[in-house]
Every structure is written in C-alpha cells, then in structure tokens.
Amino acid sequence: MATTLDVLLKEQRVFNPPKGLVEKSNIKQWMDKHGIGSYEELLEKSQDLDWYWDEVAKELEWFRPWSKVLEWAPPYAKWFVGGKFNITYNAVDRHMKTKNKDKIAYIWEGEPGDVRNITYAQLYEEVNRLANALKSLGVKRGDRVGIYLPMIPELPIAMLACAKMGAVHSVVFSGFSVKGLQDRINDAGAKILITCDETYRRGGIVPIKKNADEALENAPTVEKMIVVRRTGGNVAMKPGRDIWWGEITKTQPTEAKTEELDPEDLIYILYTSGTTGKPKGILHVHGGYAVATYWTLKTVFDLKDDDVWWCAADIGWVTGHSYIVYAPLMLGVTSVMYEGAPAFPEPDRWWEIIEKYNVSVFYTSPTSIRAHMRMGDEWPKKRNMSTLRLLGSVGEPINPEAWVWYYKNIGAERCPIMDTWWQTETGSFCISPLPITPLKPGSATKPLPGYSADVFDDRGNSLTNAGGSVVLLSPWPAMLRGIYKDPERYQNTYWGKYPAIYLTGDMGRKDEDGYFWVQGRADDILKVAGHRIGNSEIESALVSHAKVAEAAVIGKPHEVKGESIVAFVVTKQGIAADEALKKELKEHVSREIGKIARPDEILFVPDVPKTRSGKIMRRIIKAVAIGEVPGDISTLANPEAVEEIKRAK
Ligand code: WT7
C-alpha cells in the first residue's frame, strides 16, 4: 500500500519541517534575537559576511577579540584578524567553569562491548597530561604530530592536546596500511607518532602498531612513538623510541598551559585524495574552523544541552575531526563514540547503541544506510529508537530509496533528514538544510547562511536546471588555508578555473527554487563507500607491483557502495595473467594503501586506451566497462585497445 510518503516522493514534493521543531530550534531563536523573520531573509542578510560571522564568533571565547572579521586576498583568506584564540580552550578548558564540568563528553563503546564514560573534567585532565608529556618529549608550537589511532578515546585526547599547545596534528585513518601511513607522516614531517597496540574489528584483531613499526622503517623525522594499550596484545617496543602512553602520562601534572594562538595558526593537516597519486595535505586553522564547525553543528543539527549526539563516522576523516571532536565539545554536548564495525556481532548493533544511550541526533552516510537496508527492516524494528529527533547524511548523494528507508525505518517518519554537503577542504557543512528548511529528498537544499554557491558552465555562466560545476562564490571561515608545502597545487586545483571562485570538483544542478542536486565528482576521484580515493593512487599502487606494467582504474556504479573499484591491468612480458595474480594484486593494494582501496575486480588486458601524449583515458574505459558508447576514440594513440577492454569486461 502506498503511504503518504511514497506519494509525496513520487510527486517530488517538498517536506515541510515539523512546526514544533522549527519553533524550538536554535536557528529560530537566533533569528528572533536578530529580528529575522524568515529562512529567505536569513539567507539574504547573512550574505553580509562581516556582520554575520562577527555575530557568530562572539559565541566562543577569545583571549583577545579580533579587529577585522575577514581579509580576503584570493585565494588566501584570513579570518578574525588580530584575535587570540585556542580551539581546545573552547572545547575543553572553558567547561571547567560551568556545570558542563561533570557532564559526560563521550560515551565510548568498544567493539567487544566495554564502555567508558568520560566527563569533561576527565577529558581536561587527560588532555593536560598528554600535552605535558608531549612537551617533555620536546614538542613545540608548530611541530607536527602524527596520530594513527582507531576509534578510542585517546584519539580525541591526542588531537586536543596538540591543539592546546599549538602543535599541528596529522591524523591518519587507522584503516590505512603501511605505505599510506608512511607517505603521510613523511609529507607532514611528523616528529612524534601516537599509536596503539591493536584494535578490534569484526571480532578480529587489527595490528595497528605493527603497521606503524613498518612505516617508521622509512620515516626519518619521527623521533618517538607513544603507544596506547588498547587490547593488551603482545607488541614489540623499540628501546629508546617507543613509550607507553600510560607510563609517560601517569606522572604528568593535570594542569597544562593553553597557548594563546593567532586564529590563523594551523590546527591540523588532513590528507585527502586528489587526482594525482600524491595525497593533498589539507590545512586548517584554529579560529575560523572553530567558529564555523561550532555554528553549523549548533544550527543544522540543532544540538541542545540534553541531546545525545552520535556521528557514526571515523575520526580519521574530516567528518570526525569536525563533528565528533571539535564542534560537539565546543557545544558541550554528550557524544557517543563507537570503536567497531557497524553490523557486529549482529546487524542491529547501531540501533542497539541508539536505544541504549538514548541518542537523539544521528548522522551517517548513504553507504551505511544502503548496507543496513540490505540487511533487512527487521533489525531496526527490534530496537526502540523513539529518542531520535533529527537524522543526518553525508559523503555522497543520497538516493531516494535510501532516503525513504532511513526516514521510515530509523526516523519513524518523525525525523527530518539533514543532507549535509561538504568536503575535507571546506571543514564545515556548506550546502545543507537547517531544521527550518523545507526538504526535497536527494537534495542537500541550499547554501547555509554565510555561504554562497552556484553551478557554472565551463565559461563561468550561472546555470539553472542544467548540469555543471558546483562552485562556492565567497570565502567561509572553515575553508582550507592551503595544501601543505604546495601552494601551486592549491591555486591550480581550487582557484585555477574561475578567478577568486572555489571549484569544488563536484558536478551538480541547481533547480528553479535554488536547491542543489550534487551528482558526484567531476574529476578522477572515486567515492567508494563514502571514502575518497584517487584513481591514480590505486594505479600507482598496482604498478609498484613487480609483475605489473600498466594499470587503469575506474569506478563502476555499485548498489551499496556507490562505486566499486575496477582495475584494468597490463602485465609485464612473460607473466601469467591468472586468478592467482588477481588475488595477489588485490592483496598488494590493501597492503600498500589500505583495505578501502582494494579493487573489487581486476581484468587483464594487453593494452589500455591512451592519448598520443600517453594519458590514460579513464573516461573511455569507464564508458566501455559500464556498457555505454565511448564517444570519439579517433584521437587515441591505440584505438584498438578499446576493443580489448570490451572483450575483457
Ligand atoms: C566529497 C567530499 C565531507 C565529509 C565526508 C566526505 C561528496 C559529501 C555530500 C552530500 C552529495 C556529497 C562530494 C564531495 N559529498 N557530502 N551531502 N551529497 N555528495 O569528505 O572525503 O572530502 O569528500 O564527498 O563529492 O566533493 P571528502
């Protein structure tokens, strides 16, 4: 039987937000305070960036106020010029003066079911102990600290300790393996690496320190390794280099100095995939990043004092940096943090967590929703999730089927879905509804207040109801400040196409109501299960194998993961291209980059289509592989290779 919901969707109608939610929302309160009567008026008024961000930034605590909100010399922006600030002061220290002191900051659950509740006061002490320990190891303001940790409380503690002392953290997702970790800590020039013995995943053990040890065999800048005991497993400690976290922090004072920083001082480097094999070290700073992440979380997910927030991402990605660590702590809310796999030991593990801890606002990715959808409606039905009031989605476009399933089965047709569009580079949500925004399922709706976006054709004309490049027209406080040690790549990647306008790299459409429909990446970047991986990163890993001459990697549409990884491989002469080699190559990529980059399919071909200058034509390969017409192939150096791709697939 068709429900009202199905009918609404078919007619592409708008979902108006529930009245009660709107009236009580944080954004509505703020609008009332500023005499703003409607959503449209809010969007318009907030285009006065100096006024809007000045008002917002006042909600945080500054050691010294700024004298100027924005200095914009494209492509470089400085926000809150002249101020003095520290994000950890706002996320942790300031709560010691309020009732938040004894509030739980993190309800942490390990995969085996162990639980740790950490109050703001405990967080404060742990952060201080580690900051003192880092200082004792010679870490100074501006030094880079590598962090390679799974989802355990020591991960946010380590980040906050670095930020407190003005050191720059570079977190590497614990799913990366040796080479992925090594490249990143070498590019960052990390002085210290913080890691742990092992972690749990799907009932098994992941050897974190073993990867770290191998990575450090060729990472000359790293002097010391601090090791958290998570599983208690037997790991080798290298004398003179390795120190147990427990031992070095135990004897430290529980008070530590908070550096009064320039708002433009770096807070972290986070690597993300680009179109070349080399990942980009995205730079973020203390001040603007704090203001925008804090404010977007407060207004989009409407967090109040008694909410329990769960962002089910990994802190190894920007989603976790911004919305598991910094923003929720600045807001003083209670967050859930979960270590393990989503459907372990049973498919209702997540729903059990929501029930157990009374989660009220929940944020995840379309990939996870689709995976749960496949496991069946009976799993969420087992659990009482009546505490939920808002849901969120991020990482990829959310397809209508997944939207409806999420809305019905998790939100019980009661919770609006905030589809937040943003990137590692943007630091904070950019295009997203607020709780007062009428929703159109599948659209991230409109740019948030203080942001402005458009869809451009190749010449920079604004398009309505036609596909083009999604661009951001004005600077925003949490925008990236550059690519570490590579200003040229920063300029070319983001600001080279349209002057002073930020190119997101996404394709999309803006409809007649100004709603954005982001379709996916325009460049050679894959989105596999919400993870961003460069085609060329996987190709480099493949050709680093002794038996491979050439490789071309494409993404093929996949029902659950969005895209699956397909690699066309040309073997070196005299090599048997067989099943055993396919397996070997998949393992090789897992070892080089991490499981997230493991090809789903490997196909052997005698050649791959290339231009006369030798550039592999992935677009043509992809078209053939998914059964589309490849278009003009006359400019290829080897058009016959197209036939070979057809035969292989
Ligand atoms: C890319 C950024 C930002 C957190 C997670 C990913 C895609 C992100 C949406 C959305 C459609 C989305 C874009 C973007 N993306 N959110 N709501 N709707 N697409 O961060 O790894 O830097 O990836 O994710 O393609 O460019 P990231």
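## Salt bridges

E601 and K556 form a salt bridge in which the closest N and O atoms are 3.3 Å apart. E601 belongs to strand β27 (residues 601-604) and K556 to strand β25 (residues 548-558), so the pair ties together parts that are 45 residues apart in sequence. E601 is partly exposed, at 28% relative accessibility, and K556 is partly exposed as well, at 25%. The model is a predicted one, and it holds 53 salt bridges.

Another of these joins the side chains of K209 and D242, with an N to O distance of 2.8 Å. Because K209 lies in helix α10 (residues 208-216) and D242 in strand β11 (residues 242-244), this pair ties together parts that are 33 residues apart in sequence. Both K209 and D242 are buried. R383 forms a salt bridge with D348, the closest N and O atoms being 3.0 Å apart. R383 is in the loop between α16 (378-381) and β17 (390-393), and D348 is in the loop between β15 (334-338) and α14 (349-357), so parts that are 35 residues apart in sequence are tied together. Here R383 is partly exposed, at 26% relative accessibility, whereas D348 is buried, at 5%. Salt bridges also link R141, K257, E259 and D265 in a network.

## Nonpolar cores

In soluble globular proteins, nonpolar side chains tend to be buried together. The largest nonpolar core of this model has 196 residues, of which W53, I194 and F362 touch the most other members. With residues up to four places away in sequence left out, I194 touches L130, L134, V145, G146, I147, Y148, L149, A158, I226 and W245. There is also a second, separate core of 17 residues, including L603, V605, I616 and M617.

W53 is also one of the buried residues of helix α5 (residues 49-57), the others being L49, Y52, E55, V56 and A57. These buried residues of α5 pack against α3 (26-33), β1 (68-73), β2 (76-81) and α12.

## Aromatic rings

The count of aromatic pairs comes to 42. One of them, formed by F301 and Y363, is tilted, with 4.9 Å from centre to centre and 55° between the planes. The two residues come from distant parts of the chain, 62 residues apart: F301 is in the loop between α12 (286-300) and β14 (308-311), and Y363 is in strand β16 (residues 361-364). F301 is buried at 0% relative accessibility, and Y363 is buried at 1%.

A single aromatic cluster is formed by W30, W51, Y52, W53, W62, W66, W79, F80, F85, W295 and Y451. Some rings carry a charge over the face. The charged end of R229 sits over the ring of W244, 4.0 Å from its centre, and K440 lies over the face of Y515, 4.6 Å from the ring centre.

## Cysteines

How many disulfides does the model contain? The count comes to 0. C311 is in no disulfide, since the nearest cysteine sulfur, that of C430, is 16 Å away, while a disulfide requires the two sulfur atoms to be within 2.5 Å. C430 likewise is in no disulfide, its nearest cysteine sulfur being that of C311. C311 is buried, with a relative accessible area of 2%, and C430 is buried at 1% relative accessibility.

## Backbone features

Most residues other than glycine have a negative phi, and most peptide bonds are trans. Against this background, several places in the chain may be noted. The peptide bond from P74 to P75 is cis, with omega near 0°, and P75 is in the loop between β1 and β2. A cis peptide bond also joins F344 and P345, where omega is about 0°; P345 lies in the loop between β15 and α14.

Positive phi values in residues other than glycine occur at N358, near 55°, and at K485, near 60°. N358 is found in the loop between α14 and β16 and is partly exposed, at 44% relative accessibility. K485 is placed in the loop between β20 (468-472) and α18 (487-495) and is exposed, with a relative accessible area of 57%.

Technical notes: Residues numbered from 1 in each chain as written. Predicted model: local features only at pLDDT ≥ 70, side-chain atom pairs only at ≥ 80, totals over all residues. Heavy atoms only, no water. Buried < 20%, exposed > 50% of the residue type's maximum accessible area, 1.4 Å probe, protein only. Core = buried A, V, L, I, M, F, W, Y, C linked by side-chain atoms within 4.5 Å. Contact = heavy atoms within 4.5 Å. Phe/Tyr/Trp six-rings, centres within 6.5 Å; stacked < 30°, edge-to-face > 60°. Helix = DSSP H or I, 4+ residues; strand = E, 2+ residues; numbered from the N terminus. Lys NZ or Arg CZ within 6 Å of the ring centre and 35° of its normal. Salt bridge = Lys/Arg side-chain N within 4 Å of Asp/Glu carboxyl O.
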